[in-house]
Amino acid sequence: MLYFQLNPSLEIKREGKDFVLFFTQNSKQFSLKADPWDLLVIKILAEEIDPLELARRENFSLTLILQAFYSGLEKGYLIREESKIVRREPPFQKAFFPDKSFRVAEVFTFQWHLTNRCDLHCKHCYDRSRVSELSLEENLKILEELFSFCSEMKVHGQISFSGGNPFMYPHFFELYKAASEMSFSLAILGNPVSESLLERLCKIETPVYYQVSLEGLESTNDDIRGKGHFQRTLKFLKILKDFEVPSGVMMTVHEKNLDELIPLAKSLEGMVDVFSFNRLSLFGEGKKLSPSEKERFFQVLEEYLNLSEELPYLSLKDNFFNYLLFQKEKPLCGGCTGFGCGAAFNFLCLLPNGEVHACRKFPSPLGSILEQSLSEIYHSERAKLYRIGPKSCQGCVLYGVCRGCLAVISSFGLDPTKDIDPYCPGKLKAL
């Protein structure tokens, strides 16, 4: 991802056979002798050369080119361009959230569902449909498309490989290796796998995190995810720790398991790096389950928030944590994706057949990556509506870090571009 530009103060002078770079950084002046990589980086930026095309044409390693860019950033003759993924609506937001961390996304996450094939059959699965999978060649083209999009938007790209079980996609390791060579940050959202498969993965690149799921304590979890799953997952968390892979556990809460959220979170102390949860979306097989009762949900939410002060691995992922934090006059959190709902903002989802959705948890099709560029899809009118979120949320002081959950809104038969989340306690005005 090319989110670099030349330091405006950069001057290049020839001294004998050498080229010397002169530039200012943090009010200090620097000079260094340029090596061939430095000169290549400067040429690419000055002449607006596509590094992907250059690597193909010259049969050259894209990895080495990207490493040279990161080196130039460290040396100081390159600087980071400002991200183009910025929340700009509504206008009152900047006044209330002067911290740009809630407005400007430096990372774009691409949740890539390679296959619907899975070794589990969970009772709340959003999609067990049999859809055609893309070939390795098609997915490699998508990888290049994602690289170009992130370069256009001046953000670093993170790919969260998922499924089904991503390891069941026949070309998973080839695609993972190609993504690593393009300097994407890589994560896995999947199931426990064998130690040999994890070792093979880490030999290519250690993922930034590996997320598995638990749905409550052992009996409840195994009723939802299958007999023996709970113990297999605990063993796998130990394997992740042995391989020094950051681990995450996700729980989907609903009426039957909400009261096990706190006990499960406590039981994982020392075993997991991040624990988080989301609310059930009533799609797919999840329709057979019942959502949590609103009053009880907020009671558990507050208990979890208080516990998070003692157990820092508890993630505040639900956007309504900000409702509680605001009332307590405490610093707000980033919610679901660091920007409240990040659907079609700093996040997009790709299904196995090439459909791009705003979020995986509910039907939110934006187009097909086989027929449109990712940039065209991202900038489409439908994507803009999801980015803005429910019209009913505008005017709330927490708009910038909330907007509820679009999937939950949709699963209650409401319009996620208009209607407020049915769990919302009500709009808040500034203190």
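**Spaces and a helix pair**

Modeller: The largest cavity is lined by 14 residues, and F320, C393, C396, C402 and C424 lie nearest its centre. A cavity is a set of points on a 1 Å grid over the protein atoms alone where a 1.4 Å probe fits but cannot get out, and lining residues have an atom within 4 Å of a point. This is a predicted model, where local features need pLDDT of at least 70, side-chain atom pairs count only at pLDDT 80 or more, and totals for chains, interfaces and linings use all residues. Residues are numbered from 1 along each chain as its sequence is written, and side-chain values use heavy atoms, leaving out hydrogens and water.

Biologist: How do the residues lining the largest cavity divide by class?

Modeller: Ala, Val, Leu, Ile, Met, Phe, Trp, Tyr, Cys and Pro count as nonpolar, Asp, Glu, Lys and Arg as charged, and the others, Gly among them, as polar. On that basis the lining divides into 9 nonpolar, 2 polar and 3 charged residues.

Biologist: Is helix α8 roughly parallel or roughly perpendicular to α9?

Modeller: Helices are DSSP runs (H or I, at least four residues), numbered from the N terminus. Helix α8 (residues 218–225) and helix α9 (residues 229–242) pack at an angle of about 105°, with axes 8 Å apart; axes are lines fitted to C-alpha atoms over the stretch in contact, and angles run from 0 to 180 degrees between N-to-C directions. Angles of 65 to 115 degrees count as roughly perpendicular, and under 35 as roughly parallel. Therefore α8 is, relative to α9, roughly perpendicular.

Conventions: 1 Å grid on protein atoms, 1.4 Å probe; cavity = no way out; pocket = protein on both sides within 12 Å on 5 of 7 lines; lining within 4 Å. Helix = DSSP H or I, 4+ residues; strand = E, 2+ residues; numbered from the N terminus. Parallel < 35°, antiparallel > 145°, perpendicular 65-115°, else oblique.
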